[in-house]
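Here is a briefing on one protein chain. Look over the sequence and the model first, then read on.

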Amino acid sequence: MNLEKVIFGFFVLLAAALNLGFFIGDISNPELHNVYELFAALTVSLIATVLKFGDRTQLGAVHLATSLVADLQLIAAGVYWVIAHDGGALTAAETASIVSLSGGALLANLVSVVLLVTETVGYHRR
C-alpha cells in the first residue's frame, strides 16, 4: 500500500463528497446550503490541488486541470456568496447562482474521481 496514494485518494474523494453535500437540495432555498460546507469543500479542494502538483504524467496533468476547474468554480461561488450576502439574506436567485457554480465544481470533482478509479484499475493490470 502506497501512503501517498491513500492520502491523495482521500482528499479527492473528500472534496467530491463535501461538494456534493453542499450541492444537494433545492437549488433556490438558502436554508439548505451551508456556507461552512462550501468553505470546507473549497479548502479540501485546494489541498487536493496541491497534492496533484508532483505528478508529471499525462493523467496527472488532467487531474490537476480538473482540480483547478473545481477550485475556480468554488472560489467564484464563495466570492459571490460574500458579495450577495453583504446586503442581507440571500435571495432565491442568488442562492441558485451559488449552487450552480458549486455544481460545476462537482462535475470537475466527479471527473477527477473517475480518473482516480481508472488509474487504480489500470495499476492492477500491470
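Is Gly25 buried, partly exposed or exposed? Gly25 is partly exposed, with a relative accessible area of 42%. Here buried means under 20% relative accessible area, exposed means over 50%, and partly exposed lies in between, with a 1.4 Å probe and protein chains only.

This is a predicted model, in which local features need pLDDT of at least 70, side-chain atom pairs count only at pLDDT 80 or more, and totals for chains, interfaces and linings use all residues. Residues are numbered from 1 along each chain as its sequence is written, and side-chain values use heavy atoms, with hydrogens and water left out.

**Overall layout**

- The protein has 4 helices and 0 strands. Helices (H or I, at least four residues) and strands (E, at least two) are DSSP runs, numbered from the N terminus.
- From the N terminus on, the order of elements is α-α-α-α.
- The C-alpha atoms fill a box of roughly 55 × 25 × 20 Å along the principal axes.
- Of the 126 residues, 34% count as buried.
- Take the contacts between residues at least 6 apart in sequence: 71% of them join residues at least 24 apart. Contact means heavy atoms within 4.5 Å.

**Helix H1 against helix H2**

- Two packed helices are described by the angle between their axes and the distance between the axes.
- The axes of H1 and H2 come within 8 Å and cross at roughly 155°. Axes are lines fitted to C-alpha atoms, for helices over the stretch in contact, and angles run from 0 to 180 degrees between N-to-C directions.
- H1 and H2 are therefore roughly antiparallel to each other. The cut-offs are under 35 degrees for roughly parallel, over 145 for roughly antiparallel and 65 to 115 for roughly perpendicular, with the rest oblique.
- The crossing of H1 and H2 is left-handed. That is, the near helix is turned anticlockwise from the far one by less than a right angle; clockwise would be right-handed.
- On the H1 side, the contact includes Phe8, Phe11, Val12, Leu18 and Phe22. On the H2 side, Leu38, Ala41, Val44 and Leu51 are among the residues that take part.
- The residues of this H1 and H2 contact divide into 15 nonpolar, 3 polar and 1 charged. Ala, Val, Leu, Ile, Met, Phe, Trp, Tyr, Cys and Pro count as nonpolar, Asp, Glu, Lys and Arg as charged, and the others, Gly among them, as polar.

**Helix H2 against helix H3**

- H2 spans residues 35-51 and H3 spans residues 58-85. Their axes come within 9 Å and cross at roughly 150°.
- H2 and H3 are therefore roughly antiparallel to each other.
- The crossing of H2 and H3 is left-handed.
- H2 residues in the contact include Val35, Leu38, Leu42 and Leu46. H3 residues in the contact include Leu64, Asp71, Leu74 and Trp81.
- By class, the H2 and H3 contact has 13 nonpolar, 4 polar and 1 charged residues.

**Nonpolar cores**

- In soluble globular proteins, nonpolar side chains tend to be buried together.
- The largest nonpolar core has 19 residues. A nonpolar core is a set of buried Ala, Val, Leu, Ile, Met, Phe, Trp, Tyr and Cys residues joined through side-chain atoms within 4.5 Å.
- Phe22, Leu38, Val44, Leu74, Trp81, Leu90 and Ile98 have the most contacts inside this core.
- Helix H1 (3-23), H2, H3 and helix H4 (92-124) each give two or more residues to the core.
- Another core, of 5 residues, lies apart from it and includes Phe8, Val12, Val113 and Leu116.
- Leaving aside neighbours within four places in sequence, Trp81 is in contact with Phe22, His33, Asn34, Val35, Leu38, Leu90 and Ile98.

**Loop residues**

- Leu90 sits in the loop between H3 and H4. Leu90 is buried, with a relative accessible area of 12%.
- Not counting residues up to four places away in sequence, Leu90 touches Pro30, Trp81, Ala84, His85, Thr95 and Ile98.
- Gly25 is in the loop between H1 and H2. Leaving aside neighbours within four places in sequence, Gly25 is in contact with Leu32 and His33.
- Gly25 and Val99 are 74 residues apart in sequence and 9.4 Å apart in space, C-alpha to C-alpha.
- Gly54 lies in the loop between H2 and H3. Gly54 is exposed, with a relative accessible area of 62%.
- Thr57 is found in the loop between H2 and H3. Thr57 is partly exposed, with a relative accessible area of 43%.
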